[in-house]
Amino acid sequence: MPKIGLIYPKWPKLPEQTEFHLPPHGPVCLAATIPEDYEIIFIDENVEPIPENIDVDVVALSMMLTCQIPRGKEIAKHFRKKGIKVISGGIATMLHAKEVSTFVDSVFLGEAEDGRFERTLRDWEAGKLKPIYDYFRNHPPIESIGPARRDILKKELYTYRGIRMVDLVHASRGCKFNCFPCCTAYLGGRVFRPRPLDKVVEEMAQIDNNRLFIVDNSLAQDKKWLLELFEAIKPLKKKWISHPMLDDEEVISKAAEAGCWYVYQAVIDTSEVIRDRIKRLKDHGIGVEAAVLLGTDNQDEDYIKRLVDFLLEIDVDMAEFTILTPFPHTPITAKYEREGRILHKDWSKYTTAEVCFIPKRMSPEKLKEMYIYAWRTFYKDEPQELKMARLFFKVVQKEIQDGTYKPARLTPRRRWTHLAQNQNKTQKEEYGNKVSISFN
Ligand code: B12
Ligand code: SF4
């Protein structure tokens, strides 16, 4: 039986954010497309080191973020030196296809379903692996997306304070919008592709976790479909979080009934529109984590201060501040390139915690200072852990109400102590010599 090493390279978390890890979704979906006659050895480097003696016949490298590229390159180099072929795929592979093709044996562009990755592996078995498998924007039929293979995850590694985090699932792919900082339009060609609802319900029902993250790009694309989705998943009594949702009274009310626990909501300004939108969500008992992008051309130092005051005023449950980053294939990058405002292409710094472009109304240093200011000021009176605990309490209350609450089974103390001790360490400090692959 061939052994495939499915590897998800480490990426730096936002240093200001409480560190926890969600199960990677791309790899578990990819795993569902790997033929049954393969043994899958899955390593998510964010939660465990690549074992020194890892024994695999072929490597599938899965990269979602630009900042995973440098580490992916090291990993590929390591395996290729041993004569093991490396096939790379995932969002960051598509965004950096040319560069990735210089350090792996084969780049796979696009989605893996409908037998596409299986055929790639059969080519490898026959010694006929091609340098490129190009399915970019040539999407497989949406019905071919099967349930993700969550059995490859070591569940005890995805906990926070001993409590299991959310499991990830998606009900649609693609996004019809084309927002300035986002590459989804490039990846998907602005096509919204909902999955058949019976398949979504079946997959959600199978997940042995009551708490889910519906990771669809946007739940604001099709009102009719949203209402059908919520109706279909309501009987499961799952509790879920999501990216932004359509600001519509009926949609929000049905989402709450269907178990919506909290949503990420982009907060771009201090307008009444945003204030009302957040109030609407909160009125329905839905928590709000504000996703706040810092460094847009309309922002100066005072604007950011006002934005933080506004978030405190409207009492969002949590806030995630990120620095606008010129990721490849986004509308904003095309503009900044034209204007000569990109500072560098050191992908390891494309984490959204670093300034990689010249802001319009501040120096890069000032923007970084304001980013730190935003995190510190927002969490000054009530630390992040406490706000997280409050949000968690919301889901517990909802579960108690509908009888789905199960007291948490804590992970073994030894493991938790290890995680707690290593919370803010870099991978090198944390894993040290336990990792066979050297860090340059
Ligand atoms: C879900 C998601 C997240 C989740 C990730 C959860 C997880 N553990 O997986 C969370 C919320 C944590 C997250 C965080 C961030 N995200 Co995000 N996220 C997404 C999102 C919406 C969907 C990704 C996804 O799961 N898709 C569904 C899966 C099934 O698709 P897939 O990964 O493409 O996998 C398929 C194929 O690619 C293929 N495949 C995958 N791997 C491999 C490997 C091989 C070998 C092969 C053959 C095939 C293959 O098989 C799969 C099935 O077909 C994307 C947008 C998008 N359109 O994709 C943004 C996206 C990836 N995120 C993005 C960003 C910027 C971020 C942040 C850095 C900033 C932010 N706040 O948004 C943060 C991280 C901050 C930090 N440093 O801590 C950017 C990436 C930009 C970049 N170039 O780096 C994206 C593209 C959105 C955007 N704004 O443009 N994100
Ligand atoms: S930011 Fe969200 S809504 Fe906008 S294009 Fe990207 S995925 Fe779609």
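**Reading cavities and sheets in a predicted model**

Modeller: Let's start at the second largest cavity, which is lined by P23, L153, K155, Y158, R164, M165, V166 and D167. A lining residue has an atom within 4 Å of a cavity point, and a cavity is a set of points on a 1 Å grid over the protein atoms alone where a 1.4 Å probe fits but cannot get out. This is a predicted model, where local features need pLDDT of at least 70, side-chain atom pairs count only at pLDDT 80 or more, and totals for chains, interfaces and linings use all residues. Residues are numbered from 1 along each chain as written, chains are lettered from A and ligands numbered from 1 in written order, and side-chain values use heavy atoms, leaving out hydrogens and water.

Colleague: How much space lies in that second largest cavity, and which classes of residue line it?

Modeller: Rolling a probe the size of a water molecule over the atoms shows where empty space is left. Here the second largest cavity has about 40 Å³, volume being the space filled by probe spheres set on grid points joined across faces, edges and corners. Its lining has five nonpolar, no polar and three charged residues. Ala, Val, Leu, Ile, Met, Phe, Trp, Tyr, Cys and Pro count as nonpolar, Asp, Glu, Lys and Arg as charged, and the others, Gly among them, as polar.

Colleague: Now the sheets: in what order do the strands of the one with β1 run?

Modeller: Strands of a sheet pair through backbone hydrogen bonds, either parallel or antiparallel. This open sheet of six strands runs β2-β1-β3-β4-β5-β6 with parallel pairing. β2 (39–44) and β6 (132–134) each have a single partner strand, so one side of each is left without a neighbour in the sheet. Pairing needs at least two DSSP bridges; strands (E, at least two residues) and helices (H or I, at least four) are DSSP runs numbered from the N terminus. Between β1 (residues 3–8) and β2 there are six bridges, and L6 has F42 of β2 as its bridge partner.

Colleague: Which strands does helix α2 touch?

Modeller: Helix α2 (residues 69–81) touches β1, β3 (58–62) and β4 (85–89), and its direction makes about 175 degrees with that of β3. Contact means heavy atoms within 4.5 Å; axes are lines fitted to C-alpha atoms, for helices over the stretch in contact, with angles from 0 to 180 degrees between N-to-C directions.

Colleague: And what is the strand order in the sheet with β16?

Modeller: That open sheet has six strands in parallel pairing, ordered β9-β12-β13-β14-β15-β16. Its edge strands are β9 (167–169) and β16 (318–323). In β16, E320 is the bridge partner of A291.

Terms used
On a 1 Å grid over the protein atoms alone, a cavity is a set of points where a 1.4 Å probe fits but cannot get out, and a pocket is an open set with protein on both sides within 12 Å along at least five of seven lines; lining residues have an atom within 4 Å of a point.
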